[in-house]
Amino acid sequence: PVIGNIIELWGIGTENAKIPSPEEINMFLPYLDYHQLILTKDPYTAQLTSDKIKLDLGAIAKGYAGDEMARILLEKGITSALLNLGGNVVVIGKKPDDTLWSIGIQNPLKAERGEMVGVLKVKDTSVVTSGSYERFFEENGTRYHHIMDPATGYPAENGVISSTIISQNSSQADALSTAVYILGKTKGLALIESLANVEAVIITDDHKIY
């Protein structure tokens, strides 16, 4: 959440996308430690340890929105719904015909939307995918995507090109899809295996599915 300066520096997804200089990145690396965001629960407060830190909640915002939308629909008595926030899907119950929802996982190697590597049959859950194919720019034949590694200040390059998480909590799924993408296959799968009721589909740059 404290990676805002790096996100702004690269500007990926905006008209100002560029490759920052190593000096620019190194200037902000000391401020990418999440411990520098201090949270308290009673009362709810958030405090930053330095005015040089900038927050960016992009890795969880859609998931939170999906959870809130689902909560509102359930309060209204809705028992069947599909919410599509673009890479973040939340389903309530089954389809109106009492069959499971079919949620496709985009083929990250294909530019065209709708080319799937597989389909998940789900109910009452959230499916969130992070991938290098969503937001990026190319310079001198190299693609730079929007998922930043806080350890380096550069786009994450750990062999994963698509990370899909299945969880009943969309905020959790959103956060984990980014985390697994950054961690890479081995550490990412270990993280998922340590959590209850969470599943993952990981696609690596050697075109294998885990």
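Asn-197 is exposed, with a relative accessibility of 70%, where exposed denotes over 50% relative accessible area, buried under 20% and partly exposed the range in between, computed with a 1.4 Å probe on protein chains only. The structure is a predicted model, in which local features need pLDDT of at least 70 and side-chain atom pairs count only at pLDDT 80 or more, while totals for chains, interfaces and linings use all residues. Residues are numbered from 1 along each chain as its sequence is written, and side-chain values use heavy atoms, with hydrogens and water left out.

Asn-197 is placed in the loop between helix 5 and strand 13, helices (H or I, at least four residues) and strands (E, at least two) being DSSP runs numbered from the N terminus. Its phi is near 60°, a positive value in a residue other than glycine. Most residues other than glycine have a negative phi, and most peptide bonds are trans. Asp-124, in the loop between strand 6 (116-122) and strand 7 (125-131), likewise has a positive phi, of about 45°, although it is not a glycine; this residue counts as partly exposed at 41% relative accessibility. A cis peptide bond, with omega near 5°, leads from Asp-42 to Pro-43, and Pro-43 is located in the loop between strand 1 and strand 2 (44-48).

The loop between helix 2 (22-28) and strand 1 (37-41) holds Tyr-34 and also Gln-36. Tyr-34 is exposed, with a relative accessible area of 54%, whereas Gln-36 is buried at 17%. If residues up to four places away in sequence are not counted, Tyr-34 touches Pro-1 and Val-2, contact meaning heavy atoms within 4.5 Å. With the neighbours within four places likewise left aside, Gln-36 is in contact with Pro-30, Tyr-31, Gln-47, Leu-48, Thr-49 and Ile-53. A polar atom of the Gln-36 side chain lies 3.1 Å from the backbone oxygen of Pro-30. The side chains of Tyr-34 and His-35 make a polar contact at 3.4 Å, a term for a pair of N or O atoms within 3.5 Å of which, within protein, one must be able to donate a hydrogen and the other to accept it, residues adjacent in sequence counting only if both atoms are side-chain atoms.

Two packed helices are described by the angle between their axes and the distance between the axes. The axes of helix 4 (residues 170-183) and helix 5 (residues 185-193) come within 6 Å and cross at roughly 145°, the axes being lines fitted to C-alpha atoms over the stretch in contact and the angles running from 0 to 180 degrees between N-to-C directions. In this pair, Leu-176, Ala-179, Val-180 and Leu-183 of helix 4 meet Lys-187, Gly-188, Leu-191 and Ile-192 of helix 5.
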